[in-house]
Amino acid sequence: PFEGFNRAMWDLNYLYFDKYLFRPVAHGYNDYIPRPVKTGVDNFVRNFEEPSSMVNNALQGKWGWSANAGGRFTINSTLGLLGIVDVAEMMGMPRKDDDFNEVLGYYGVPNGPYFMAPFLGPYVTRELATDWVDGLYFPLSEFTLWQSGLKWALKGLHSRAAAIDQERLLDNALDPYTFVKEAYFQHMDYKVYDGNVPQIQQDDALLDEYMDELE
């Protein structure tokens, strides 16, 4: 329902913010910052999210993953030098980020309409209604406004740099807006189902079933 607004914001984000700000900064970050520094910064930032991930996994009844997130936070905050080194990963405890948006999706709350925010990028309505919840848990609840902003900027920078390899695919798309929208919905489903997205029958298979019933 917001497509007119979304496309205008997409043009603003893609043709201006990304072209003249995000893309050059991401390329500079990727080209000139040593990999160990980039990895350390990303580990440090994402370590703050482990407690909220612990709660969100527990709310879905994923007790093993909940304990894993709590263990990761404890180990990496101590042995891992405040999370800079992912010692927990080395010990066989992989990261699994779950936010409250995924909790609602797990219990059947739909994505809702797609929304393209100026400067911030794509969202589904369910995200817009729940993003603030994860900030209620320690240590994120203790962050000041500027600390929260710095965390968001560092995480966004790392994510944008990681997407450099997909730039050509997006630039060559017939309709980049639709390409990103469909990819984002798939990304939401991937997160909610932990990568095991149910297979949806194709239209021709449904047509075959319908014709069989007529016979």
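**A walk through a predicted helical model**

Within helix 3, which covers residues 50–59, the buried residues are Glu50, Pro51, Ser52, Ser53, Asn56 and Asn57. Just past the end of helix 3, the chain reaches Gly61, whose phi is positive, at about 75°.

The protein contains 11 helices and two strands, and, read from the N terminus, its elements follow the order α-α-α-α-α-α-β-β-α-α-α-α-α. The C-alpha trace extends over about 65 × 45 × 30 Å along its principal axes. The protein has 215 residues, of which 35% count as buried, while its accessible surface amounts to about 13200 Å², with 64% of that surface belonging to carbon and sulfur atoms. When contacts between residues at least 6 apart in sequence are considered, 68% of them join residues that are at least 24 apart.

The two strands can be taken together. Strand 1, made of residues 114–117, pairs with strand 2, made of residues 121–124, in the antiparallel sense and over four bridges. Within this pairing, Met116 has Pro122 in strand 2 as its bridge partner. The two strands form a hairpin in which three residues lie between them, and in the turn Phe119 has a positive phi of about 75°.

A last stop is the place where helix 1 (residues 3–32) packs with helix 8 (residues 145–162), the two axes lying 9 Å apart and meeting at an angle of about 85°. Because of that angle, helix 1 is roughly perpendicular to helix 8. Which residues meet where these two helices pack? On the side of helix 1 they are Asp18, Phe22, Arg23, Val25, Ala26, Tyr29 and Asn30, and on the side of helix 8 they are Leu157, His158, Arg160 and Ala161. Sorted by class, this contact of helix 1 with helix 8 consists of six nonpolar, two polar and three charged residues.

Terms used. Residues are numbered from 1 along each chain as its sequence is written. This is a predicted model: local features need pLDDT of at least 70, side-chain atom pairs count only at pLDDT 80 or more; totals for chains, interfaces and linings use all residues. Side-chain values use heavy atoms; hydrogens and water are left out. Axes are lines fitted to C-alpha atoms, for helices over the stretch in contact, and angles run from 0 to 180 degrees between N-to-C directions. Angles under 35 degrees count as roughly parallel, over 145 as roughly antiparallel, 65 to 115 as roughly perpendicular and the rest as oblique. Contact means heavy atoms within 4.5 Å. Ala, Val, Leu, Ile, Met, Phe, Trp, Tyr, Cys and Pro count as nonpolar, Asp, Glu, Lys and Arg as charged, and the others, Gly among them, as polar. Buried means under 20% relative accessible area, exposed over 50%, partly exposed in between (1.4 Å probe, protein chains only). Accessible areas come from the Shrake-Rupley method with a 1.4 Å probe; for residues, only the protein chains shown count as cover. Two strands pair if DSSP finds at least two bridges between them.
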